[in-house]
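Visitor: I have a structure open and would like to learn how to read it. Please take me through it step by step.

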Amino acid sequence: ILFIVTIQVRSETLEDDLLFAPGGQLNMKMGQAKPQRFLLYDVNPGEGFNLRRDVYMRIANLVKKLQERDNWVLVLPPWGRLYHWKSRNMQQVRIPWSTFFDVESLNRHVPVVEFEDYMKITGEGAIDEHVYLQSYKEGWTNGKWEERMHERECNDPPTYQKNGEGKYRGWYWGYSEAYARNFRCLSIQGSAGDLAPFLTKNITARSVMIDRAETVLHDTFGRSDYWEARRSLRFAKPLRDIGDEFRRTYLDSSDSKDKTPILDDWREMKPTAGSAKGGPYIAVHLRRQDFARNNRKEVASLPKAATHIKKKLKELKLKKVFVATDAPASEIDQLKVHLKGYEVYNYIPPRTVHDRFMDGGVAIIDQWICAHARYFIGTGQSTFTFRIFEERQLLGFDTKMTYNRFCGDGEPTDCDPPSVWAVVY
Ligand code: GFB
């Protein structure tokens, strides 16, 4: 019986392509294949790009766990409608992951598929179960946090509503044809992996969407499975190429000179800490916009940031600084005035690059250039900075050349340095 069912389910060619387990091994032996199940997810609309990357890792490792039982595939939620992506004259919605990330690399960790391919495979935009994660209305038990999970009434009226045809409609990444057949709220305190029994025992549906996935934590933080998910999250090659070209042209930086070679398969890349030298420039990530407007104590004024940069340039006997920032041009000009006598670079995308890769791609190019500098200084509490720290770890930089940040105006000049997370292979 299993054999017959399997053949029916696998009639689509695209689906046949997906019969690969992590590592690329074929996952089907006659009579043993299990029907595919699909895990979709989404994140609170207000969250930024780099926290979303972290949530991806949590869900990817949930899928890894689910794969021990069933043939689960992770459906990548299209990118779009992000608060920080403000450039006009471009449609920043329904963006596939392949625009920003190397999907083949993701697939080496867990099987993934773009949402549009999922719709082709299943033949429609339907999701069987939409599970909306929420906190407990009553808060923690006796003021104590403990792991727990219960299906509950929704705390707030859901924005997903059932129409006359019994379909739940709402925001599915800008695809008007997408809908859910069922909708439920699940109160949870715990990590992503805690959802595994619920998904394998309580739900038998073929496709399940976990909404508000940021609610669940990493199963293990900083251990090897955390880093495997992180290592698989490689930027798309065209974006890395653009960053590399900028390094060569303006920063006298190349992988061979800087000792930052990239192997095609991330699983084979395990550089020792300190092996990377980096290009002859300092890179900084200066988070402004909402960080500066909200007077966060971690934000340094431009003169204070410039003083820090000059001190380091002198110490390291370097002349060039690359500035990644979301600051308006007027602030970049001010910073350049404060850094007079030094070569200050920032990446301004040509129109063709901006049109093709949009604000998300330009930010990645900035991160990639920062990742290759001799020395890096970031902004405290910014996930954009955190992802650069990790990228540098994976290239083999010494933590001392990476885990540095500006001290905000509201902090002493010897403010606490960022926490160091060593890569575990
Ligand atoms: O990535 P992100 O979540 O980092 O959000 P934070 C910041 C976004 O601003 C990036 C743009 O994804 C970019 O679109 N951006 C910031 C930059 N820095 C740069 C840069 O150096 N270069 C370029 N090209 N773009 C969190 C937000 O931001 O801060 C939360 O996610 C919230 O929504 C919180 O606002 C206060 O962790 O820095």
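**Reading the model**

Guide: Start with confidence. The protein chain averages a pLDDT of 92, and 92% of the residues score at least 70. pLDDT is the predictor's confidence in each residue, from 0 to 100. This is a predicted model, where local features need pLDDT of at least 70 and side-chain atom pairs count only at pLDDT 80 or more, while totals for chains, interfaces and linings use all residues. Residues are numbered from 1 along each chain as its sequence is written, and side-chain values use heavy atoms, with hydrogens and water left out.

Visitor: Over which residues does pLDDT stay under 50?

Guide: Residues 1-31. Where pLDDT is low, the predicted coordinates should not be read in detail. For residues 1-31 the model has 49 contacts beyond four places in sequence. A contact means heavy atoms within 4.5 Å.

Visitor: What ipTM and pTM does the predictor give the complex?

Guide: The ipTM is 0.97 and the pTM is 0.92.

Visitor: How many helices and strands does the protein chain have?

Guide: The protein chain has 14 helices and 13 strands. Its radius of gyration is 23 Å, close to the 22 Å that the globule rule gives for 425 residues, so the chain is as compact as a globular protein of that length. That radius is taken over C-alpha atoms, and the rule is 2.2 Å times the number of residues to the power 0.38. Along its principal axes, the C-alpha trace spans about 75 × 50 × 45 Å.

Visitor: What percentage of the residues in the protein chain is buried?

Guide: Buried means under 20% relative accessible area, exposed means over 50%, and partly exposed lies in between (1.4 Å probe, protein chains only). Buried residues make up 54% of the 425 in the protein chain. The chain exposes about 19700 Å², and carbon and sulfur atoms supply 51% of that area. Accessible areas come from the Shrake-Rupley method with a 1.4 Å probe; for residues, only the protein chains shown count as cover.

Visitor: Which residues are closest to the ligand?

Guide: A residue is near a molecule if one of its heavy atoms lies within 4 Å of it. Here 19 residues surround the ligand. The closest are N50, R287, D290, S382 and T383.

Visitor: Is R240 buried or exposed?

Guide: R240 counts as buried because its relative accessibility is 8%. R240 is found in helix α8, residues 237-251. A polar atom of its side chain lies 2.9 Å from the backbone oxygen of F235. Not counting residues up to four places away in sequence, R240 touches D102, R234, F235, I262 and W368.

Visitor: Which side chain joins S207 in a polar contact?

Guide: That of Y118, at 3.2 Å. A polar atom of the S207 side chain also lies 2.9 Å from the backbone nitrogen of D128. S207 is found in strand β9, residues 207-211. At 4% relative accessibility, S207 counts as buried.

Visitor: Why does R181 count as partly exposed?

Guide: Because R181 has a relative accessible area of 35%. R181 lies in strand β8, residues 179-189. Its side chain makes a polar contact of 2.6 Å with that of E124.

Visitor: What is the phi of K317?

Guide: Positive, about 55°, although K317 is not a glycine. K317 is found in the loop between α11 (302-315) and β11 (320-325). At 74% relative accessibility, K317 counts as exposed. Q289 also has a positive phi, about 40°, and is not a glycine. Q289 lies in helix α10, residues 289-293.

How values were computed
Helices (H or I, at least four residues) and strands (E, at least two) are DSSP runs, numbered from the N terminus. A polar contact is a pair of N or O atoms within 3.5 Å; within protein, one must be able to donate a hydrogen and the other to accept it, and residues adjacent in sequence count only if both atoms are side-chain atoms.
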